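Please keep the sequence and the structure in view while reading.

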Amino acid sequence: MTSPERLSQWVNPHLSEARISAQWSRIAERTASPWWRRPVALVAAVGLVTVCAFGVVGTIRTHDVVPAPVALERENVDRDSVRLPEGITIEFRARSRWLLGERSPSLIRLSLVEGVADFDVVHQDGRRVVIAAPGLEIEVVGTRFRVTALGVRELPQVRVDVQRGSVRIRQTTNAGLSEPAQLVREGTSWAAGVTTSQANSVTSAGVPDAAMTPETLGPDASPDASADPGVRRVVPRATAKALFEEAEQARLQGRAGDAERLLERFSREYPGDARAGLVAFELGRLRMDVLMDTPRAIVALSDALRRGLGPEFREDAQARLVRLYARSGNTSACIRERKRYLEAFPEGRHVSAIGTLCRR
Amino acid sequence: MSPGLAACARLKCVREPSSTSGSSAVPSDAALVVAARANEVWAKEALFRRHAGLVNGLAFRVMGRDEDLDDLVQDVFTEAWRSLGRLSDPQAFSSWISAIVVRTAHKILRRRRVMRALGLRGADPVDFDAVVSPSAPPDIQVELRSVYRLVEKLPPTTRVAFVLRRIDAMPLEDIASAIGVSLATVKRRIAGAEKLLLQSAEGQGMRDAVGGVEEDSAVHPCGASLASPLRGIGEGGRP
């Protein structure tokens, strides 16, 4: 009898990338919940690296009061601030993503998914304020501090700079939050579990260090940023193949921001490449499912269909366009795209799902 | 400094136990599970892609058909996301999801058997040419074909146990746990199937075992037959 280890290697299905992607697409569709119902999620970190912020969307204006007590998500594209009536002021840098989870007299809980935010919290007896960032929780006791979370879920690079007062930090582990909490005092910074004095980070006036802005971190990071051991650089690659592979790796590692940039760059620099349609499809999918950027997802998926896709991806792309237009409230476009889907795929697997969309 | 602050306490840094400390900085299964539990889509996709080969391969070997694969894989991961909170050891995601594959495939096979018994479904023959790699050595081809020829005739529990043991080398305890039967039952079923396989290889032409074999009864060595008894195959498996 042949050993089992020998036998199993000869009995395996044919698995192409297209088939695996199609499988995932069906799984994701089946298990996805509408974004507006998504519960507050604390992004569990897998590493501790300093993270860079993105812009803040202008949907929240200065001194706006965030409606409570529902969980809500905001993506900010410009620098902006929010002031809660509980005596908490939050200033976001560009393209931060955050969620307000719990809001009660005894607990305010906010998650910074990605970005840079300055928190100014007035101490109140009997009330806890907890800020969650990838991989950790920061409990505030009345203070001013900055949390920097670079590159969406990018094995996270999270840094906490305490400008006034102190915070307690617990890291996320498989067994839950670490105990005891690490106390970080005024004038010190915390990154990867190590506290250091704030030599070149945030000034006393709260002006951010130039090395920590989105403009300087990333492909064109400044030398200061690259010298910071906590800062991660994305080194640009030259070839289409390298760009494509790096984007794929970034996506699978949860670095959605990096993946988006790399895919955009591929589309810009290699528009005639045979993978251009697939790249546009992946970009659209990333923006739709992870970055929650409906308008730009529509652009990418429309581009993908124009460039041409294999049948497995074409059906998926067309169905996603229907859902995106439904999500954006553009009923006429939704109806148009749904008609296109039904004409092209009358027995497609999305027929029943999109049939309920595009209601007037 | 705000009032109420304690004096500087003893600081303790607890690092995330993961494989990310290496140069590749790839998240561990445990880390991905933690993120997936927080409903992070990227983590779920990373888990799926990392284990797609394992899940597809195991499902393929148990079912013996490619036609069932996509739906089964979809069912497996849907169930996995739903019950991820019950995974006590996030680092053991691989073996955990393997058990889900086995349970799901077993359930499908049992359901189909009932439907066949009721005349609501035809046979699902194993396509040997599709299942066994054409590049397999001749002795392996013969052995695998004989295994799947037997597997076609076996009741679902015996079939699943036998394939997992014979082809995937899964530990008996894991097979028993995944299928939901006792270890003793698994051992008995596999022993019975092995005996059938040996007898068919020796060309003894046993009786058909499809009808009348209850799900929870032992497989009698003389109760099975093959459509075409193999000839010329000795114990070494070479023609």
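Of the 360 residues in chain A, 58% are classed as buried. The structure is a predicted model, and its scores are ipTM 0.74 and pTM 0.50.

**The two chains**

Chain A contains 10 helices and 14 strands. Chain B, by contrast, has nine helices and zero strands, so that its elements read α-α-α-α-α-α-α-α-α from the N terminus on.

**Aromatic pairs**

How many aromatic pairs does a search of the whole structure find over all chains? The search finds eight. A pair of aromatic rings is described by the distance of the centres and the angle of the planes.

One of the pairs consists of Phe266(A) and Tyr270(A), whose ring centres lie 5.7 Å apart. Their planes meet at 50 degrees, and therefore the pair is tilted; planes under 30 degrees apart would count as stacked, and those over 60 as edge-to-face. Phe266(A) has a relative accessibility of 1% and is therefore buried, whereas Tyr270(A), at 24%, counts as partly exposed.

Another pair is formed by Phe281(A) and Phe313(A), with centres 5.1 Å apart. The angle between their planes is 65 degrees, so this pair is edge-to-face. Phe281(A) belongs to helix H6 (residues 276-289) of chain A and Phe313(A) to helix H8 (residues 311-328) of chain A, which means that the pair ties together parts that are 32 residues apart in sequence. Phe281(A) is buried, with a relative accessible area of 2%, and Phe313(A) is also buried, with a value of 11%.

Aromatic residues of both chains also come together: Trp24(A), Phe48(B), Phe77(B) and Trp81(B) form one aromatic cluster.

Is Leu120(B) buried or exposed? Its relative accessible area is 60%, and Leu120(B) is therefore exposed, since the term applies to values over 50%. Leu120(B) is located in the loop between helix H4 (93-117) and helix H5 (128-131) of chain B. Together with Val114(B) and Leu118(B), Leu120(B) forms a nonpolar patch on the surface. The accessible area of these residues together is about 330 Å².

**Confidence in chain B**

The mean pLDDT of chain B is 75, and 74% of its residues reach 70 or more. Which elements of chain B have the lowest and the highest mean pLDDT? The lowest mean, 82, belongs to H5(B), and the highest, 94, to helix H3 (residues 69-82) of chain B.

Two stretches of chain B have a pLDDT below 50. Over residues 1-24 the pLDDT is below 50, and this stretch has 50 contacts in the model beyond near neighbours in sequence. Over residues 204-239 the pLDDT is likewise below 50, and 63 contacts beyond near neighbours in sequence are found for this stretch in the model.

Note on methods:
Residues are numbered from 1 along each chain as its sequence is written. Chains are lettered from A and ligands numbered from 1 in the order in which they are written. This is a predicted model: local features need pLDDT of at least 70, side-chain atom pairs count only at pLDDT 80 or more; totals for chains, interfaces and linings use all residues. Side-chain values use heavy atoms; hydrogens and water are left out. Patches are made of residues with over 30% relative accessible area and no salt bridge: like charges are joined within 9 Å, nonpolar side chains (Val, Leu, Ile, Met, Phe, Trp, Tyr) within 5 Å. Accessible areas come from the Shrake-Rupley method with a 1.4 Å probe; for residues, only the protein chains shown count as cover. A salt bridge is a side-chain nitrogen of Lys or Arg within 4 Å of a carboxyl oxygen of Asp or Glu. Helices (H or I, at least four residues) and strands (E, at least two) are DSSP runs, numbered from the N terminus. Buried means under 20% relative accessible area, exposed over 50%, partly exposed in between (1.4 Å probe, protein chains only). pLDDT is the predictor's confidence in each residue, from 0 to 100. Contact means heavy atoms within 4.5 Å. Rings of Phe, Tyr and Trp (its six-membered ring) pair if their centres lie within 6.5 Å; planes under 30 degrees apart count as stacked, over 60 as edge-to-face and the rest as tilted.
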